[in-house]
Amino acid sequence: MTVWLTRIQLNLRHRDARRDVTSAVGLHHRLMMLFPDNAGETARQNMGILFRLEDATSAGSQTPYILIQSQVQPDLNRLPNGYGTAASKNLTPLFDALSDGLTVHYRIAASAVRKSGPTTRAAGANAIIALHGTEADQWWQRQAEHKAGLTLTTAHSTPLDAARGTRVQDNHHVKHPRTRFEGTAVITDTNALRQTLLSGIGRGKAYGCGLLSIAPAARKPR
């Protein structure tokens, strides 16, 4: 299995690029256009597509950019002319080099939420409640240790704007709260980490949440 990482450096002078960064739904549709049309109703899952929009300030870049991870190489010729500068690289060597005890940098924009219980009257039973501050940090620590096979050594969290948009087919308003978590960790379960890197973490994966990026501690994930 080959895993691809694609980076699209956006040209915000392009109308489509400016529009896409304001809508998680629109960006989802844009990126899915880069992949084969015959992958079925669960195309995103079938091709292992996860993505994250990075703002220029946090990424040390002049303009925002998009990271896409996929198990099918995207056709970058399908991007509109002038949309941005894009390139793909093979991540398989990184996956193969993972091992227990390795220290890595990590970065993820995730939707830290929980379901309300029967006693949470304001939200109603089984409503989705966004987590903030310490609760969000605790959520990420649980995900890292119990799902991703990582023991956190440093952790920093930053609240982000929610991933928003409206689906045209049913006029459903999408909203996924997001928090960026980044820091260092030690791999304790390599198999669990590989699986989590492929599948993502949490809700909103179709709309830019849940892509976990790692890199050996000698360099940071981009």
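**Briefing: salt bridges, sheet and cores**

D37 counts as exposed, with a relative accessibility of 71% (exposed means over 50% relative accessible area, buried under 20%, and partly exposed in between, with a 1.4 Å probe and protein chains only). R78, at 36%, is partly exposed. The model is predicted: local features need pLDDT of at least 70 and side-chain atom pairs count only at pLDDT 80 or more, while totals for chains, interfaces and linings use all residues. Residues are numbered from 1 along each chain as its sequence is written, and side-chain values use heavy atoms, leaving out hydrogens and water.

**Salt bridges**

- The count comes to 10 salt bridges (a side-chain nitrogen of Lys or Arg within 4 Å of a carboxyl oxygen of Asp or Glu).
- R78 and D37 form one of them, at 3.5 Å from N to O. This pair links distant parts of the chain, 41 residues apart: R78 lies in the loop between β3 and β4, and D37 in the loop between α2 and α3 (43-46). Helices (H or I, at least four residues) and strands (E, at least two) are DSSP runs, numbered from the N terminus.
- R107 and E54 meet at 2.8 Å, N to O. R107 belongs to strand β5 and E54 to strand β2, 53 residues apart, and both residues are buried.
- R180 and E182 also meet in a salt bridge, at 3.5 Å from N to O; R180 is buried at 9%, whereas E182 is partly exposed at 21%.
- A network of salt bridges links R52, E54, D55, R107, R180 and E182.

**Sheet**

- Four strands form an open sheet in the order β2-β3-β1-β4, with antiparallel pairing (two strands pair if DSSP finds at least two bridges between them).
- β2 (50-54) and β4 (84-90) are edge strands with a single partner each, so one side of each lacks a neighbour in the sheet.
- β2 and β3 (residues 65-70) are joined by five bridges, and R52 has L67 of β3 as its bridge partner.

**Cores and helix α7**

- The largest nonpolar core has 32 residues, of which W140, L150, F181 and L212 touch the most other members (a core is a set of buried Ala, Val, Leu, Ile, Met, Phe, Trp, Tyr and Cys residues joined through side-chain atoms within 4.5 Å).
- A separate, second core of 16 residues includes A17, L27, F51 and L79.
- Helix α7 (residues 190-199) has T190, L193, T196, L197 and L198 buried.
- G200 follows α7 and has a positive phi, near 85°.
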